[in-house]
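Here is a walk through one structure, chain by chain. Keep the sequence and the 3D view side by side as you read.

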Amino acid sequence: MKEPGAKGITKEFIKSVTMVVLFLSTILLLYVFWENINPGQMNIRNLTEQESLHPVMTPAEVVAPDEIQLSYGDGSYGVITGNTRAYWWTPQDSGQGPTFTYGVGEFLQAQDIFVEEITRDQYQQVLALESLKSIFDDPLPLNLLCQAYGWDCPSATESIQQVSEIAYSFGSMESLFVKDGDRNLYYRIIGNGEKIEQSPFLSLYQRIALGSKVAYPLTLLLGEEEANPVLVPLPSEFPYVITTYTNERAAGGEDFEKSLAKTFFGATFDFTRIIQDAQGTTTYMYGYGQRVLVAGKEGTFRYKEEGAPTQEATLFYSLETALGFLSRHGGTQDPLGKVYDLHLSKIIRQSGPSAPTTFVFDLWEDSAIRYEGGALAITVSGNRVTAFTRDFHVPEKSQTQQFSAGDYTAVNVLATNHQQMGQVLMENGFFQDRKEETFLMVTKALESIRLEEIRFSKTEEGVGKIETCWCFFFEKDGKRLEMYYSIRDALPMGYTLR
Amino acid sequence: MFCQKSFQNFIGKKLLAGLLTLTLLFGMFSFFSMSDVYGAEDPAVTVVNPLDGTTVYSSSLLISVKLTAPETIRVNLYKQVKNDSNGNPVALTFDEWSKVRSERTAIVSGTALVAEPAIQVLQGWVMEPVFFTSTGNLAFFTKKVENLSVGVYKVKIDTMGPGETVLYTTEHIVFLKEKTAQPVQANVFENSQTGTVSFLQNLLKSIFGR
């Protein structure tokens, strides 16, 4: 028998190594298949750049109602339309007292929870008593809220799809109330009930009462014939803010732009073309355009990524994906180092499985600023972010003064401008023809009246203003129109169709 | 002689009746001119809130006035008071106000035996008068008056003319009571489903879907 020589041993060794490599490749391919990973999208950068530079926000931190209303039970109300977060959710150690989400979480821990549909009249009657109500301009799915805040939502609540209002009334302490504005449905969630002194909503009610502006239903201010229960703020004094702003590109210069671009294309910009046009727009393009970042002249950053969605994802998971992406690409820090809070203002969902979902956010500080268009929009397809738009502002000069509405109360702005409002509503398809008096048509269509800080659109040069003004909200067939008026002279300042 | 005496009696009675009528008319005129009727109501002014004679269970009051013509109004709020035995103003009770109202009605209808109500109603100061000018054909004056005590209040709207002249006056009476005195409302969910029915319905929904 011939002893194997050195050559034979080497051959056997190569065979063994090949077997090991083939075995590992099989495992890798199985993993790729199992995770539904698109090999075309894989590159070395994906494996190296995924470190978070900024803290990852949780969905609980970015969801907050656009308005909180409080009924005193005597026909008068209190409203909070600024930054509602302190009343809605805070980390547990904040020491500020119970929040709305805490109260709901405690309520849902009851053993037997029932859900029944109630009428609009019942809903309005019970909330006309001493009560608290959180309002979301863009309804959110109940299961998203349950996941975000760890509410123990029982199966009985599955019939509730969207939450446009969630409320608690001291007139029915064993119940929570939910309005699904999209489907025009009203629900009563019945729990165990509790003693008033044990209810976390009691101290929350007192806290909100201290921080709210007085408001009255439009019916009470205008008379019964124009029946619309929308609340009209009637503050004797309020802070009037006017701020001029510039954009991030102008404030942070090329350094800021490059540092943001590096989070998308790597520090060395490998395989990335950088194209600058005469108007001042810079385009970063990876490969043949698989990934593109456009830094607009006016200071907006738009990023897009090609590729099919890899897998279906829940809304909650998509939101987490979006927030994770944000933490790796600039976070909410502006070029001057200021870090903003985020507020989820809108969710745009396209129909179909794995269809992209766009999350639109506003930036909140101590006060809340409403945007003509969001500050941040992140589109998620499956478990990937396919589009990202960043349009932050950088404040320059700001003035704040206490202001008295005087003659230009919200109802007088309405009375002065109802013809113009009617015209805009007609032009945008809210009315077909003028069947009745314009004032009645306008007041009936009103959804909300608020005193808010609005960031108006910037000019081509990327500058603009933020100003406190009267905002009138109208809604029809999923369309939302916001009209803005000066608190100083009641003149129209523009409108946004969302 | 008898004729002369009866004639004198007749003249005396006539004089007495005339004097009494004059006193009554003067009393009525002076009473209403002081407290209630200053002139006709302005057709361009509507007090939207509070409605006349309503009861508000609150310590605050919303005054809302609708104007449908360019004009200036003066808005005032008075608490209805009387002087006590020491001459100090005290709030009129709801019963006293009812009595005054019924006496006034009787005086106006001529069925009363007295010339003026037993209680003299005074206008207690609550706030400084507020002037509001409307420049268009539709405007609203709105004001919340806070920290009011229980009692009877009068909202008075004067339409101002040139100088300090008052062209029209509109008045509304409102009763302010404690919030706790509010009548208990019927249970909104009196006719709603029982827990068992809700439970079964939810169970069926969860099994078969909606």
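**From chain B to the domains of chain A**

Chain B holds 3 helices and 10 strands. The model is a predicted one. Follow chain B along its sequence and the elements come in the pattern α-β-β-β-β-β-α-β-β-β-β-β-α.

Next, burial and contacts. Chain B has 210 residues, and 19% of them count as buried. Now take the contacts in chain B between residues at least 6 apart in sequence. Of these, 69% join residues at least 24 apart.

Turn to chain A. Its division gives domain 1 at 59–211, domain 2 at 244–397 and domain 3 at 404–497. Look at domain 2 and domain 3 of chain A: their C-alpha centres are 30 Å apart. Where the two touch, domain 2 of chain A contributes 15 residues and domain 3 of chain A contributes 14 residues.

Which elements supply the domain 2 side of chain A that touches domain 3 of chain A? Three of chain A's elements each supply at least two residues there: strand E10 (238–247), helix H10 (248–265) and strand E17 (369–371). E10(A) gives the most to this side, with 4 residues.

Then go on to helix H10 and strand E17 of chain A, which each supply at least two.

Notes. Residues numbered from 1 in each chain as written. Chains lettered and ligands numbered in written order. Predicted model: local features only at pLDDT ≥ 70, side-chain atom pairs only at ≥ 80, totals over all residues. Domains from an automatic or database assignment. Contact = placed C-beta atoms within 7 Å. Buried ≥ 20, exposed ≤ 12 C-beta atoms within 10 Å, placed from the backbone.
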